[in-house]
Amino acid sequence: MLANTEVLISRADYIVIAVYFLFIVGIGLWAGRKRKYHVDSDSYFRAGGTLTWPMIGLALFSTNISTIHMVGFAGEGYRTGLAYGNFEWMAPFLLIVLALFFAPFYLNSKIATLPDFLERRYCGTCRNWLAGLSIVSAVFIHIGFTLYTGALVIKTLFGIPIMASIVGVAVLTGIYTVVGGLLAVVVTGALQTIILLAGSIILTIIAYVKIGGWDGLVQYVDPAKLTILRPGNGPANLPWYSVFLGYPVIGVWYWCADQTIVQRVLGAKDSNHARTGPLFAGFLKVLPVFIFFLPGTIYLALANRGDVMPLDKPDECFSMAIQNLLPAGVTGLMTAALLAALMSTVSGALNSIATLISYDLYKQWKPKTSDRQLVLVGQISTVVCMVVAIVWSKYIGQFESVYKGCVDLISYIAPPITTVFLFGVFWKRASNRAAIWTMASGFIFGLIVFIIDWNDYFDWSMPGLLAGFYLFCICSAIMFFLSIVWPHEHTEKSIKLVWENPMAALKDKGWPGLGNYKILAAALFFVMVFLYVVFANQSTLRFFGLLN
């Protein structure tokens, strides 16, 4: 039996990791050198509108997949099986929404940020609210959780103290992000996605072979752990109805209205690339259930068979799998994949923070700021926010589970933003006064629920997704009734940011053939529905021959 002891990193592993660092930082600085010939702010913050669909799709995937996912998913795969895979397989449905309904508005209105979009649809106050919330979420969710979970694994593998790891990786990532802007973030993100996928697939294959394939897996784990839709009384505390009710609430915010994610779409070459990029990312989102969750479940099967020691802390599953399952050299590749996930998420969030502070706060305060000064403000704000995230990240260990803590936090932040965007795009009557009250009251309600959840005194047990859905219902009621009382007085610009009806979003013909966004969206939809049917429960697994 393999023990949970400290790993011995070989010389080959160190070489692989060193080559990775030199390669990624070098590519990032090269992108920055290429950008210096275009010193305008549009080049820095939106890559000059040059991004094509493969770069957008790969960068969306790499920015989303962070160390939270790699560490947290493996831990949840060990603890509860595939249940939390819902967060990956529900995402393609929201990426379809982004591609069909939001991306055309964003591209056609030539906005630099999503708060800019809210100002054109509602008013300047809404812009300031969203800018503030977006900066907070980028610092405390995207960067803070990512740095902490990455440092956890590095500590296990190399024995490096958590704070030293956080500071070291933050500095290296900050260098090419500050110098290169969005172009450096997207180029390195695309390369990091390839490294991330390669490392994760290798780990999955090795673990899968070691347990004896699918037959070996089902022999040593509870078959219920291989299903994705669970009842309300399961150990995962993720009932199927909370997924279908709550995920769309946080998903619209995360995939359609969060600056950190959507900024890649804002840099698209044209509307076809802006629509196809998210759909490409949607197809990639099929993979995480198999290459991030399944290794955790396989590790549980190995522990049940007596091949490895059982884990006291499921969040250690990822580092233990690297330690106990991978040969020398491959450990270095997997560590590089982890660093790729960490750095791509952090760099993407830093770039979005720079854009928000420069465009939505500083330029509003000083409208005559030159492009060069705007870039400088973005670079300085990047450094300051990185320092704040480093300080916050050391407190994340207080959460019961890293991934669950992250999901709960998003569920309390997202509802008012999702409400304002959905009503704004689909209902002409949705007004600026209603949007302001919705965002302010929704933020306060979310903060109250977070405090109750954080404090053990209240013994709060409601799933975060379900709480997010109830908050969304409250925000929607506020938005609806206040818009009835105070209907919006549209300008020539704002009326163009509301769909006449949902079918109007499909009027654009798009590219001919299989690359057409309508065909890709339909194909992605049916693929995801099919996967849900196959893995829904034990009966469907038996129907498709995956259980005896």
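The request concerns T67 and its surroundings. Which helix holds T67, and which residues does T67 touch?

Analyst: This is a predicted model, in which local features need pLDDT of at least 70, side-chain atom pairs count only at pLDDT 80 or more, and totals for chains, interfaces and linings use all residues. Residues are numbered from 1 along each chain as its sequence is written, and side-chain values use heavy atoms, with hydrogens and water left out.

T67 lies in helix α4, which covers residues 67-80. Helices here are DSSP runs of H or I with at least four residues, strands are E runs of at least two, and both are numbered from the N terminus. T67 has 0% relative accessibility and therefore counts as buried. Buried means under 20% relative accessible area, exposed over 50%, and partly exposed in between, with a 1.4 Å probe and protein chains only.

Now the contacts, meaning heavy atoms within 4.5 Å. Residues up to four places away in sequence are not counted. T67 then touches G72, F145, T146, T149, G150, L338, A341 and L342. L147 gives a distance for the fold around T67: the two are 80 residues apart in sequence, yet 7.7 Å apart in space, C-alpha to C-alpha.

The whole chain gives the setting. It has 22 helices and zero strands. Of contacts between residues at least 6 apart in sequence, 85% join residues at least 24 apart. Of the 548 residues, 60% count as buried. The radius of gyration, taken over C-alpha atoms, is 23 Å; a compact globule of 548 residues would have one near 24 Å, so the two agree. That globule rule is 2.2 Å times the number of residues to the power 0.38. Along the principal axes, the C-alpha atoms fill a box of roughly 70 × 55 × 50 Å.

S242 counts as buried because its relative accessibility is 0%. Leaving aside neighbours within four places in sequence, S242 is in contact with Y247, L465 and L466.

Last, confidence. pLDDT is the predictor's confidence in each residue, from 0 to 100. The chain averages 85, and 92% of its residues reach 70 or more. Where pLDDT is low, the predicted coordinates should not be read in detail.
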